[in-house]
Amino acid sequence: MPLGLGRRKKAPPLVENEAEPGRGGLGVGEPGPLGGGGAGGPQMGLPPPPPALRPRLVFHTQLAHGSPTGRIEGFTNVKELYGKIAEAFRLPAAEVMFCTLNTHKVDMDKLLGGQIGLEDFIFAHVKGQRKEVEVFKSEEALGLTITDNGAGYAFIKRIKEGSVIDHIQLISVGDMIEAINGQSLLGCRHYEVARLLKELPRGRTFTLKLTEPRKAFDMIGVRSGGGRPGSGPQLGTGRGTLRLRSRGPATVEDVPSAFEEKAIEKVDDLLESYMGIRDTELAATMVELGKDKRNPDELAEALDERLGDFAFPDEFVFDVWGAIGDAKVGRF
């Protein structure tokens, strides 16, 4: 069926277009009732595979605010990873907000994604101070980019300079959004939180209940608005990566090719531009679906079949097709 001719009900962008159209993300799927993570959208994943099918790989980890070094193994998705970290440090798994690779700082360019380099060091950021902030929505665009941790927590990945949120110093990159106007968001995906923020009426005040990651003394200071993805060194210092999957066992794979890395980055930029979210696992899935397709219609059909719950707008699909094509021929 030609693209856009009765293809599906077209959905509007979920949040403001706050970045100009232009890495890997959480390949963690739907970890049970929390509803977090993964390119499969709201669908539920299969039960975890038996231990015999899981890679016997050992990773080193610390709590980002400071701790001894722990050793973890035997996980196949992010929820299980958080559980292993919690066991290592004797804390509740629900205390783990997100993880960064090779840095203890709240650096969104180093956020743990669907691939973990076999030599990567995992830093776990746990819940710190809770806070409530009143926000007057003076503009349609709040200036937030939302992501989630793959296990039911949505948090702020980027704050646009000069935006409504940028003027509120109590709100920072890395803050988990627990509730909006008293409505709990625990278990919500990033696009659900983005939709709620978009639907808040302009000219009204609303309340955000936030939890910031616990900080070490050397991390307390002026907040950062977050850098552009891919601006720092590439993650994955090992010769291969552990791919965390939404369904089936985790697998050891080669580091993504230069084409795949760039295509994923470009598609992730488009997700931010159109939907106000960043999800590199979703972007990676879209690149995988699109790299062998001959035209945008074939890509649209593949996206409808695999990711139909997102109801991507036709213009977004065209841009994704173009981004994958540009990466193929080296137009970076």
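Axes here are lines fitted to C-alpha atoms, for helices over the stretch in contact, and angles run from 0 to 180 degrees between N-to-C directions. The model is predicted, so local features need pLDDT of at least 70 and side-chain atom pairs count only at pLDDT 80 or more, while totals for chains, interfaces and linings use all residues. Residues are numbered from 1 along each chain as its sequence is written, and side-chain values use heavy atoms, with hydrogens and water left out.

**First stop: H4 and H5**

Select helix H4 (residues 280-290) and helix H5 (residues 296-307). Helices (H or I, at least four residues) and strands (E, at least two) are DSSP runs, numbered from the N terminus. The axes of H4 and H5 come within 9 Å and cross at roughly 135 degrees. H4 is therefore oblique to H5; angles under 35 degrees count as roughly parallel, over 145 as roughly antiparallel, 65 to 115 as roughly perpendicular and the rest as oblique. The crossing of H4 and H5 is right-handed, a term used if the near helix is turned clockwise from the far one by less than a right angle.

Now display the side chains. Contact means heavy atoms within 4.5 Å. On the H4 side are Leu282, Thr285, Met286, Leu289 and Gly290, which meet Leu299, Ala302, Leu303, Arg306 and Leu307 in H5. By class, this contact of H4 with H5 has 7 nonpolar, 2 polar and 1 charged residues. Ala, Val, Leu, Ile, Met, Phe, Trp, Tyr, Cys and Pro count as nonpolar, Asp, Glu, Lys and Arg as charged, and the others, Gly among them, as polar.

**Second stop: H6 against H5**

Pro296, Leu299, Ala300 and Leu303 of H5 make the contact with Val317, Phe318, Val320 and Trp321 of H6. The residues of this contact of H5 with H6 divide into 8 nonpolar, no polar and no charged.

Return to H4 with H6 still shown. Their axes come within 10 Å and cross at roughly 75 degrees, which makes H4 roughly perpendicular to H6. Met286, Val287 and Gly290 of H4 contact Phe316, Val320, Trp321, Ile324 and Lys328 of H6. The contact of H4 with H6 divides into 6 nonpolar, 1 polar and 1 charged residues.

Move to strand S1 (residues 58-63) and select Thr61. At 0% relative accessibility, Thr61 counts as buried; buried means under 20% relative accessible area, exposed over 50%, partly exposed in between (1.4 Å probe, protein chains only). The side chain of Thr61 reaches the backbone oxygen of Ile122 at 2.9 Å. Not counting residues up to four places away in sequence, Thr61 touches residues including Pro68, Ile85, Phe89 and Ile122.

Glu212 is found in strand S10 (residues 205-213). Its relative accessible area is 15%, and Glu212 is therefore buried. A polar contact of 2.9 Å joins the side chains of Glu212 and Lys131. Such a contact is a pair of N or O atoms within 3.5 Å; within protein, one must be able to donate a hydrogen and the other to accept it, and residues adjacent in sequence count only if both atoms are side-chain atoms.

**Last stop: His167**

Finish in the loop between strand S7 (154-159) and strand S8 (176-180), where His167 is found. At 61% relative accessibility, His167 counts as exposed. The side chain of His167 reaches the backbone oxygen of Ser163 at 2.7 Å.
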